[in-house]
Amino acid sequence: MSYQRIDRISEEVRREVDAIIRDELHDPRVKGTYSITHADVTRDLRYAKIYVSVLEEADREPLMAALKKAAGFIRHELGKRMIIRYAPEILFALDHNIEYGVHI
């Protein structure tokens, strides 16, 4: 499998996960200024690591907890929206790049 295909799938996963979180997820902890910055899908398409950047420090922990709790729902929705053999298992990670850029 070529790296271009993995990159395309990763970008599509990032876009779809962002849309699912904004449109379908109705958790009160999902608030504030956040961004899905990057998605890394493994070559076998089994796992997707989603990087989330949260601007407000007070919203970080509750938002990440809500996303980790909703990972199964997000995976199910992703499976319905994308035409791939397996919906990847979703792992969320906090991305500090934007916060670091603001700090500098």
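Which residue in E3 stands opposite Tyr51? Ala93 does.

## About the model

This is a predicted model, with residues numbered from 1 along each chain as its sequence is written. Local features need pLDDT of at least 70, side-chain atom pairs count only at pLDDT 80 or more, totals for chains, interfaces and linings use all residues, and side-chain values use heavy atoms, with hydrogens and water left out.

Helices (H or I, at least four residues) and strands (E, at least two) are DSSP runs, numbered from the N terminus.

## The sheet

Three strands form an open sheet. Their order is E1-E2-E3, and the pairing is mixed. E1 and E3 stand at the edges, each with a single partner strand, so one side of each has no neighbour in the sheet. Neighbouring strands are turned by 25° against each other on average, direction ignored. Such angles use axes, which are lines fitted to C-alpha atoms (for helices over the stretch in contact), and run from 0 to 180 degrees between N-to-C directions.

Strands of a sheet pair through backbone hydrogen bonds, either parallel or antiparallel. Two strands count as paired if DSSP finds at least two bridges between them. E2 and E3 run parallel and are joined by six bridges.

## The nonpolar core

A nonpolar core is a set of buried Ala, Val, Leu, Ile, Met, Phe, Trp, Tyr and Cys residues joined through side-chain atoms within 4.5 Å. Buried means under 20% relative accessible area, exposed over 50%, partly exposed in between (1.4 Å probe, protein chains only). The largest core here has 28 residues. Those with the most contacts inside it are Val13, Ile21, Ile50, Ile74 and Phe92. Helices H1 (3-23), H2 (57-69) and H3 (71-81) each give two or more residues to this core, and so do strands E1 (34-41), E2 (47-54) and E3 (89-94). H1 gives the most, with six residues.

## Phe92 and Val17

Contact means heavy atoms within 4.5 Å. Leaving aside neighbours within four places in sequence, Phe92 touches several residues, including Val17, Ile21, Ile50, Met64 and Ile74.

Val17 lies in helix H1. Val17 counts as buried because its relative accessibility is 0%. With the neighbours within four places again left out, Val17 is in contact with Ile50, Ile74, Leu78, Ile90 and Phe92. Asp7 is 10 residues from Val17 in sequence and 15 Å away in space, C-alpha to C-alpha.

## A loop residue

Leu45 sits in the loop between E1 and E2. Leu45 is not a glycine, yet has a positive phi of about 60°. Leu45 is buried, with a relative accessible area of 9%.
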